[in-house]
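The exercises below ask for contacts and salt bridges to be worked out from coordinates. Each task is followed by a solution in steps.

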2 protein chains.
Amino acid sequence: MARYAKALGHPVRVYIMQLLANQSCCYSGDLSQELPIAKSTLSQHLKELKESGLIQGQIEAPRIKYCVNSENWEEAKKLFKDFWSL
Amino acid sequence: MARYAKALGHPVRVYIMQLLANQSCCYSGDLSQELPIAKSTLSQHLKELKESGLIQGQIEAPRIKYCVNSENWEEAKKLFKDFWSL
DNA sequence: TTCGTAGTTCGTAAAATCACGAACAAATAT
DNA sequence: ATATTTGTTCGTGATTTTACGAACTACGAA
């Protein structure tokens, strides 16, 4: 729970997850264009999201596709659902 | 959203909020007994929860009663509910 | 008034976070 | 073979977080 919450504890990461929650997958480049941060900074945020388990990345040709990690996403969802009594 | 998530990004603070979610109010001393951390550390966590808006403290005789800040709690609840599509 | 209780604030230190540019790796395109 | 695109990793700082003990404040009890 705290691990997932921590991962969502930064506006950029919330933004990314909201995007992924809608379209389930995206490329780092897409994010890079929309967000006013350095590529390396973005990469770091993606890494943190990956380490939290919320997302996973798969190589696809020249770029990397980031997707929600469904299993952990559902786990987190349940934890938060219970936490907020939803 | 990120602000609330960040506040919940530590096990001790999650514990405190889970407790408060059930009984709505508690004293720092109660927490101090249950948690294996220094009083000052606990005080800091409570301060962060206060600054995030999730709780509020009111002086009551010699001790301080911490309660859920209902308004912000509901706001956070809604934000998370929407975020997770619950 | 003096003591004990409850809790905060201060000072300190170690670790983690956030952000950037530069250098790098891997694949594709020219 | 060289250049371009895509993204990671490295090195560096500034800031924040986490944690502790010690000192302090405020209140009630003896």
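**Exercises on contacts and salt bridges**

Asp82(A) is partly exposed, at 47% relative accessible area (buried is under 20%, exposed over 50%, partly exposed in between, with a 1.4 Å probe and protein chains only). The model is predicted: local features need pLDDT of at least 70, side-chain atom pairs count only at pLDDT 80 or more, and totals for chains, interfaces and linings use all residues. Residues are numbered from 1 along each chain as its sequence is written, chains are lettered from A and ligands numbered from 1 in the order in which they are written, and side-chain values use heavy atoms, with hydrogens and water left out.

**Exercise 1.** Determine which parts of the chain the salt bridge of Arg13(A) and Glu48(A) ties together.

Step 1. The N to O distance of this salt bridge is 2.9 Å.

Step 2. Arg13(A) belongs to helix α2 (residues 11-23) of chain A and Glu48(A) to helix α4 of chain A, so the pair links parts 35 residues apart in sequence.

Step 3. Arg13(A) is buried, with 7% relative accessible area, while Glu48(A) is partly exposed at 34%.

**Exercise 2.** Describe the protein surface near DNA strand C.

Step 1. Taking a residue as near if one of its heavy atoms lies within 4 Å of the strand, 20 residues surround DNA strand C, and His45(A) and Lys39(B) are among the closest.

Step 2. By class, six are nonpolar, nine polar and five charged (Ala, Val, Leu, Ile, Met, Phe, Trp, Tyr, Cys and Pro are nonpolar, Asp, Glu, Lys and Arg charged, the others, Gly among them, polar).

Step 3. The element giving the most to this surface is α4(A), with five residues.

Terms used. Helices (H or I, at least four residues) and strands (E, at least two) are DSSP runs, numbered from the N terminus. A salt bridge is a side-chain nitrogen of Lys or Arg within 4 Å of a carboxyl oxygen of Asp or Glu.
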